[in-house]
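Please look over the sequence and the structure shown here before reading on.

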Amino acid sequence: MNVAKRDFLFTSESVSEGHPDKVCDRISDAILDAFLTEEPASRVAVETLCTTNFIMLAGEVRGPETMTHERFKDIARHAVRDIGYEQQGFHWKNAEINSLIHSQSADIAMGVDASGNKDEGAGDQGIMFGYACRETSVLMPAPIYYAHAILRSLSEARHSGAEPGLGPDAKSQVTLRYVNGAPVGATAVVVSTQHAERLSVDDIREIVRPHVVNVLPDGWMCDEQHFYVNPTGRFVIGGPDGDAGLTGRKIIVDTYGGAAPHGGGAFSGKDPSKVDRSAAYAARYLAKNTVAANLADRCTIQLSYAIGVSHPLSVYVDTHGTGQVDEERLSEVLQQLVDLSPRGIRSHLQLARPIYARTAAYGHFGREPDPDGGFSWERTDLAEELKDVFHT
């Protein structure tokens, strides 16, 4: 979106870990983590479909022989249990699970693997975007940040037992008013959450209310007329029993809530040789560090790759008129500081680890880096180097 100094409304949505598509993302990433735990060089591209008491696994892998169809099914079952599905129409114990996962294509392997003087190539062609801005402390757009935070708060209450009447499936949507390009408050908030049969619409509204009020900054809550909770009136049947889910169908939820461009590639279930994932993480890392170094208030970075080719075909930097340095020079410096080949990104961000199941819900960006290397792309350890180069 163009957020030059003007007034407008902007909306982003999030979905919970129990949303059917997110159930699939979680299963795909849990299988990826299992591969990387046993063999960090594994190649994984796993897709999941789920519907009423049924889960289908498909995709291509290369890794240890201990990763069998029975193992995949067991991982899927445990993922569903962790999310909290024990319902008649979708239960971790009773769901039928089929696996059609098979070996990676030899043709793809030949193009991607390093050999002789050839470096490891990108796992596919494509374009990836990274973005950062000053709207929140984690340098994310405010609408998606607060939409995620509302659902995470509800999820924590459900898992802790504080709100036993809530179900795993939920969605949120936050509309913010911008004045002179900066967010100043919410004009509408929508929350739909699965719930126990015994709870009324009014009950759910009052359960949800504090989770919204406490997440939004003081004075940002919308008026009562535009606070929508379960607007259809009832949400007892939910999750995969209510709507089929697929891996990779929530790519805007996963990234910037529509506030920045998206290249179109999904993340979940893909190992870091797939630039759809690793280069999107690298682009966010570079954009965030650019803003953290005070070189811009907003920054969009685009990377492009060709399958089997190691280095990006282009590195585009746009600071949206807020930059303190020349964008072409900034692009050159960023490429000097970080090797943007698949191998270079994986090494710099230490991506060959089992750190992905935790990314499957509530966004891949704007999260706190974990001690074990999770969300490493959210570090701002390049900021001082960038300041030194540009003497800011």
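## Burial and overall form

A residue is called buried when its relative accessible area is under 20%. By that criterion, buried residues make up 56% of the 392 residues in the protein chain, in what is a predicted model.

The secondary structure of the protein chain comprises 10 helices and 13 strands, and its C-alpha atoms fill a box of roughly 65 × 55 × 30 Å along the principal axes. The radius of gyration of the protein chain is 21 Å, which agrees with the value near 21 Å that a compact globule of 392 residues would have. Among contacts in the protein chain with a separation of 6 or more, 73% are between residues 24 or more positions apart.

## Helix H7 against helix H9

Helix H7, which covers residues 275-292, and helix H9, which covers residues 342-349, have axes that come within 10 Å and cross at roughly 60°. That angle makes H7 oblique to H9, and the crossing of the two helices is left-handed.

On the H7 side, the contact is made by Val275, Ser278, Ala279, Tyr281, Ala282 and Tyr285, which meet Pro342, Ile345, His348 and Leu349 of H9. Sorted by class, this contact of H7 with H9 has 8 nonpolar residues, 2 polar residues and no charged residues.

## Helix H7 against helix H10

H7 also packs with helix H10, residues 383-390, at an angle of about 60° and with the axes 8 Å apart. The two helices, H7 and H10, are therefore oblique to each other, and H7 passes H10 in a right-handed crossing. Asn289, Thr290 and Ala292 of H7 make this contact with Ala383, Leu386 and Lys387 of H10, and by class the contact of H7 with H10 has 3 nonpolar, 2 polar and 1 charged residues.

## Two residues with positive phi

Leu139, which is not a glycine, has a positive phi of about 60°. Leu139 lies in the loop between strand E7 (126-133) and helix H4 (142-160), and with a relative accessible area of 10% Leu139 is buried.

Phe375 likewise has a positive phi, near 55°, in a residue other than glycine. The place of Phe375 is in the loop between H9 and H10, and Phe375 counts as buried because its relative accessibility is 2%.

Leaving aside residues up to four places away in sequence, Asn230 touches Val191, Ser192, Thr193, His195, Ile204 and Phe235.

Gln87 belongs to strand E4, residues 86-87, and at 23% relative accessibility Gln87 counts as partly exposed. With residues up to four places away in sequence not counted, Gln87 touches Pro168, Gln194 and Gly238. Gln87 and Asp241 are 154 residues apart in sequence, while their C-alpha atoms are 8.9 Å apart in space.

How values were computed
Residues are numbered from 1 along each chain as its sequence is written. This is a predicted model: local features need pLDDT of at least 70, side-chain atom pairs count only at pLDDT 80 or more; totals for chains, interfaces and linings use all residues. Side-chain values use heavy atoms; hydrogens and water are left out. Axes are lines fitted to C-alpha atoms, for helices over the stretch in contact, and angles run from 0 to 180 degrees between N-to-C directions. Helices (H or I, at least four residues) and strands (E, at least two) are DSSP runs, numbered from the N terminus. Angles under 35 degrees count as roughly parallel, over 145 as roughly antiparallel, 65 to 115 as roughly perpendicular and the rest as oblique. A crossing is left-handed if the near helix is turned anticlockwise from the far one by less than a right angle, and right-handed if clockwise. Contact means heavy atoms within 4.5 Å. Ala, Val, Leu, Ile, Met, Phe, Trp, Tyr, Cys and Pro count as nonpolar, Asp, Glu, Lys and Arg as charged, and the others, Gly among them, as polar. The radius of gyration is taken over C-alpha atoms; the globule rule is 2.2 Å times the number of residues to the power 0.38. Buried means under 20% relative accessible area, exposed over 50%, partly exposed in between (1.4 Å probe, protein chains only).
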